[in-house]
Amino acid sequence: MTEDAFISIRKVDKHFGKVQAIDSVSIEIGHGEFFSLLGSSGCGKTTLLRMLAGFEAPTGGEIFIDGQPMSDVPPHMRPVNMVFQNYAIFPHLNVRDNIAYGLRKQRLSRNRRHDLVEEMLELIKLPGFGDRRANELSGGQRQRIALARALILRPKVLLLDEPLGALDKQLREQMQLELRALQRTVGITFVFVTHDQEEALTLSDRIAVMSQGRVLQLDTPSGLYETPHNREVASFIGTMNFFDAKVSGVNGARVEVEAAGLGRINAPARDRRYVEGESVQIAIRPEKLELTADAPLDSGISVQGSLENAAYLGERSHFFVKLDGLDQPVAVSAQNREGATIGTDATGPVWLNWSEASVVVLTSD
Amino acid sequence: MSDQTLPETEAPGIRQARPGRLTSLLHGSETLRGLSLLSPTLLFMSIMILLPFAILLVMSFWTPVGFEFDTTPTLNNYREAMERPIYGALLERSLRMSGIATVATVILCYPMAYYVAFHVHRNKMMWIVLMTLPFWTSYLLRVFAWKVVLGYEGVINSALISVGVIEKPLEFLLYSQSAVIITLAHAWAAFAILPLYVSLEKIDRSLLEAATDLGDGPVMRFLRVTLPLSLPGVISASLLIFIPTTGDYITPALLGGPDGAMIGNLIQKQFGPINDWPMGATLSIILMLAIAFICAVFILLTLFVRKRIS
């Protein structure tokens, strides 16, 4: 990755007074990649993005964009453009002048500029909006104008600071699809900041999960979801059942653990080394668990519990199963297919089943 | 959908207060509510402004006869004001002097307001209070202070002489148009700083970052974003200074000398020593019209310029 990295963030630190906002972060982002920085507020993701834009200077480390070190390049000379969280549409200009704002430096002819703006308006599906004033636009429209204003300059990198945060759910989902399609059309590297894990999973090629100024895990969406490295990542992305466990045996590609509530079970080791007796945690996604009324044939990957609570959610139902030796009930999510053996009105003893591949072992690093 | 009906919610025994007719009338119409909120101010304004204005207007068509007035309406005063060059010259001079003072004040105050709005992050209010501190003393005292500074043996002259830059005191400092302009520009500074500060403070910082991000350096960013967005502040500051200074008579009376006299001084004399109230009223009306005309042109011009820069 290092050879063809388009953006290279190398050991970057940022202090605000005594507060360490970014703690020795290194990230390599490829050309044309849709890259997301994901984390809760205050994790440093926006600070990192603002350092890419040049609005903040790193306290230590260096950022390279397209091979060029960026520390001496002021923000208005950088080959990046940004879509701001509140869109920052100029209120004294109409839509056309907003989109054409950055073209001033290119000294284009009036006609050429006009054509470029019209082209952009087509691309963001707002043809004929050129003469509207900024205060006549809805949130979704402002968001598109902000995108067009940045994209018209053909930046090497487009930075997006929670651009969909202010939109309502339906519009947000529509914009997610459009954004993804747009990124494929223009082929520009996108760096996207969000606190919405679903949004990050939907849009990104790769995601860096951040917390307290550090990158917890950098992976593809499915990598993050299926094989989180630690409890923080696992609980931040989706819902997860956790079980305290101890390693009781290591056997090549498998690791055997003694887990509270589940008993002695096997899990894939996934290229990590475990020591016998080591304290770990077992994690299983609610939708990887299956409920049955009767004991399954293979007794190794199932356990009996009692159904404590259930909720019907339309396309799926959530069940909460109490296991011996656990305080928290285990969450199970099941699709509401025809002929489901257990309904939400069921009570009493049930069997919890899972496959070995769905078990994730988390170390306490 | 469903054929469900809401149950009757009227509970027996609970007496609902019926709104009075006036209350429901007030709640029904937003305009009426607004007007009723405004009415104390509106009443006060109409009595204290419109009435004197009406008296002034009526009086400007009268003629003085000894200590009495001939109340037959005539345009003689206006004709005289047009024909005698002294009135026109004084009006022109007043507008020019307060115009220069206005421009000077706004240009001097803009950086101060800009500094507090963008570069002071703590205790902004304290900075604003400190800047308006000189205005806690009376207007007259401030004018006298400038008399001390600019005087024949005043601060500037003595300082320049003791340093050896000049041998004789500079005479043009006091009792001149420049003395009046300098004093006006200082005396009205607070009226410029406050509206400028408010309009600059209101500008969203992300707009400035967006301009930078789109390739503008500091100068272009100022011209293309900060200045157009702070134009409302510039306009109100200019009007707040230009309107009162044009009619000012204290400063020119104390510092202007014969060269620095303004139309306000003449109007004051008409109502005082000359005792020609109708002429004073006529000049006041003409001054008011001139100011209104210039302000209208100014506002239209700034709006036009704003469109052109952006």
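In what sense do strand 16 (residues 302-312) and strand 19 (residues 348-353) of chain A pair, and over how many bridges?

Analyst: The model discussed here is predicted. In chain A, strand 16 (residues 302-312) and strand 19 (residues 348-353) pair in the antiparallel sense, over six bridges. Within this pairing, Leu307(A) has Gly348(A) of strand 19 as its bridge partner.

The two strands belong to an open sheet of five strands in chain A, with the order 15-19-16-17-18 and antiparallel pairing. At the edges of this sheet stand strand 15 (290-292) and strand 18 (330-335), each of which has a single partner strand, so one side of each is left without a neighbour in the sheet. From one strand to the next, the twist averages 45°. In general, the strands of a sheet pair through backbone hydrogen bonds, either parallel or antiparallel.

Six residues from domain 1 and seven residues from domain 2 take part in the contact. On the side of domain 1 that touches domain 2, the residues fall into two nonpolar, three polar and one charged.

Strand 8 (residues 189-194) of chain A pairs in the parallel sense with strand 3 (residues 34-38) over five bridges. Strand 8 of chain A also pairs in the parallel sense with strand 7 (residues 157-161), over five bridges. Phe34(A) stands opposite Phe190(A) of strand 8, and Leu159(A) stands opposite Val191(A) of strand 8. Strand 9 (residues 206-211) and strand 10 of chain A, by contrast, pair in the antiparallel sense over five bridges. There, Met210(A) has Val215(A) of strand 10 as its bridge partner.

Strand 8 of chain A is mostly covered, with six of its six residues buried. In a regular strand the side chains alternate between the two faces of the sheet. For strand 8, Thr189(A), Val191(A) and Val193(A) point one way, while Phe190(A), Phe192(A) and Thr194(A) point the other way, and all are buried.

Val191(A) leads on to the nonpolar packing. The largest nonpolar core has 104 residues, and those with the most contacts inside it are Leu159(A), Val191(A), Val257(A) and Ile282(A). Helix 4 (residues 139-151) of chain A gives the most to this core, namely six residues. Both domain 1 (5-235) and domain 2 (239-362) of chain A give residues to the core, so it lies between them. Around Val257(A), leaving aside residues up to four places away in sequence, the residues touched include Ala245(A), Val247(A), Ile265(A), Val280(A), Ile282(A) and Val361(A). A second, separate core has 43 residues, among them Ile128(B), Leu173(B), Ile267(B) and Ile286(B).

Chain A also meets chain B: 16 residues of chain B are in contact with 18 residues of chain A. On the chain B side, the elements that give two or more residues are helix 10 (205-213) and helix 11 (218-246) of chain B. Helix 10 of chain B gives the most to that side, with six residues. By class, the chain B side divides into six nonpolar, five polar and five charged residues.

Chain A has eight helices and 20 strands. Its C-alpha atoms fill a box of roughly 75 × 45 × 35 Å, taken along the principal axes. Of the 365 residues in chain A, 37% are buried. Among contacts in chain A between residues at least 6 apart in sequence, 64% join residues at least 24 apart.

Note on methods
Residues are numbered from 1 along each chain as its sequence is written. Chains are lettered from A and ligands numbered from 1 in the order in which they are written. This is a predicted model: local features need pLDDT of at least 70, side-chain atom pairs count only at pLDDT 80 or more; totals for chains, interfaces and linings use all residues. A nonpolar core is a set of buried Ala, Val, Leu, Ile, Met, Phe, Trp, Tyr and Cys residues joined through C-beta atoms within 7 Å. A residue is buried if 20 or more other C-beta atoms lie within 10 Å of its own, exposed if 12 or fewer, and partly exposed in between; C-beta atoms are placed from the backbone. Helices (H or I, at least four residues) and strands (E, at least two) are DSSP runs, numbered from the N terminus. Domain bounds come from an automatic or database domain assignment. Two residues are in contact if their C-beta atoms, placed from the backbone, lie within 7 Å. Ala, Val, Leu, Ile, Met, Phe, Trp, Tyr, Cys and Pro count as nonpolar, Asp, Glu, Lys and Arg as charged, and the others, Gly among them, as polar. Two strands pair if DSSP finds at least two bridges between them. Axes are lines fitted to C-alpha atoms, for helices over the stretch in contact, and angles run from 0 to 180 degrees between N-to-C directions.
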